[in-house]
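Colleague: Please take a close look at one part of this model, the aromatic rings and what surrounds them.

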Amino acid sequence: MQLQSKQPHIGTTIFTVMSKLANDHGALNLSQGFPNFECSPKLIELVEKYLRKGMNQYAPLSGIQPLREIIAQKTSDLYGISYHPDQEVTIVSGATEALYAAITAVVQTGDEVILLEPNYDSYEPAVRLNGGIPVYVTLTPENNYQIDWNVVKAKITEKTKLILLNTPHNPTGTVMSKDDLEQLAAIVKDTNIFIVSDEVYEHIIFDGHNHWSPIRHPELQKRTFVCGSFGKTFHVTGWKVGYCLAPQQLSEEFRKVHQWLAFSTVTPIQYALAEFLQEPDNYLSVSQFYQEKRDKFIACIQGSRFEWIPASGSFFQCVNYANITDENDLALAQRLTKEIGVASIPVSVFYHQKNDYKILRFCFAKDDQTLEIAGERLSKL
């Protein structure tokens, strides 16, 4: 009996590969994007509280009411944008599910989807599994991965159905600006092009930058699915709880897909998050916390031969190693894991043609001791 694969060219993700390599060699894991420190003790107490209160059965398909309401209130408070908690906010089992459901809701066979690469590795498979055709706009380190909207415009055809955005951006750490939104709005006006915006690092943004979600522009808001995550914000990536904000018509189609993927999301954690979000400082303080982590990592590699532009958001710092070796980035990432005990992600894996610009991505969501040891080892190269 033979099975014809729907994804014959897809193997194990680079995150799994590098984390396993780090574990096998006892290396510091600055590759996969998860913290090595605990979340707030208060959040753990709240989960225990709702476990013991018996909130252990299925949540509603759209998520529990208190969590949907506080997300809607938070969005209104921060950006002045109103979403109806019953009709336009959906709780999901992680942002990857949200991205897949949003893509599935709008993409049909033969539709073209604009992907700005380097991009997170789930985007292309989700497009292809829905019969979509990825159309790539390649961003490069020469201009710090800024988007050339003239190139985006040139890629638009009558088949374009969706543009997929990510801000703050993984892996590059860049953020979109108000001007980016204006240029994008001019491109999609009077079209039937939708937007999926991956905003899992919404609260991890530095140096006084603002978070310019496409929902802050009226032309974009009406066509946008925002995919968010609590895992990155509250250091609980293993909980896999996220959400989607979208206008009612879009949310209706999104929920049709969500019900067949997960139906509902872990109940006691939803209640815990709903209560934790009632104190805004629990998410507003995250930016400063991670800016200090970024600055700590940069200080630790200050004596190295790497070159970098400080990340504007996310919890990743990209560095250029061209002054050190001409090895391809995958080979170097593997060698550094084995030889000096520091694991990273080669940025070429985020390009469909594996473009090698001699860039490695390091996750700085680690305790200070880990960052110091990693910096000491990297500075010896």
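Modeller: A charge is taken to sit over a ring if NZ of Lys or CZ of Arg is within 6 Å of the ring centre and within 35 degrees of the ring normal. The model is predicted, so local features need pLDDT of at least 70 and side-chain atom pairs count only at pLDDT 80 or more, while totals for chains, interfaces and linings use all residues. Residues are numbered from 1 along each chain as its sequence is written, and side-chain values use heavy atoms, with hydrogens and water left out.

Lys366 lies over the face of Phe34, 4.3 Å from the ring centre; Arg216 is placed over Trp212 at 3.9 Å.

Rings of Phe, Tyr and Trp (its six-membered ring) pair if their centres lie within 6.5 Å, and planes under 30 degrees apart count as stacked, over 60 as edge-to-face and the rest as tilted. The whole structure holds 20 such aromatic pairs. In one of them, tilted, Phe15 and Phe350 are 6.1 Å apart centre to centre, with 50 degrees between the planes. Because Phe15 belongs to helix α1 (residues 14-25) and Phe350 to the loop between β11 and β12, this pair ties together parts 335 residues apart in sequence. Helices (H or I, at least four residues) and strands (E, at least two) are DSSP runs, numbered from the N terminus. Phe15 is buried at 7% relative accessible area, as is Phe350 at 2%; buried means under 20%, exposed over 50% and partly exposed in between (1.4 Å probe, protein chains only).

Ring pairs also link Phe37, Tyr201, Phe289, Tyr290, Phe315 and Phe316 into a cluster.
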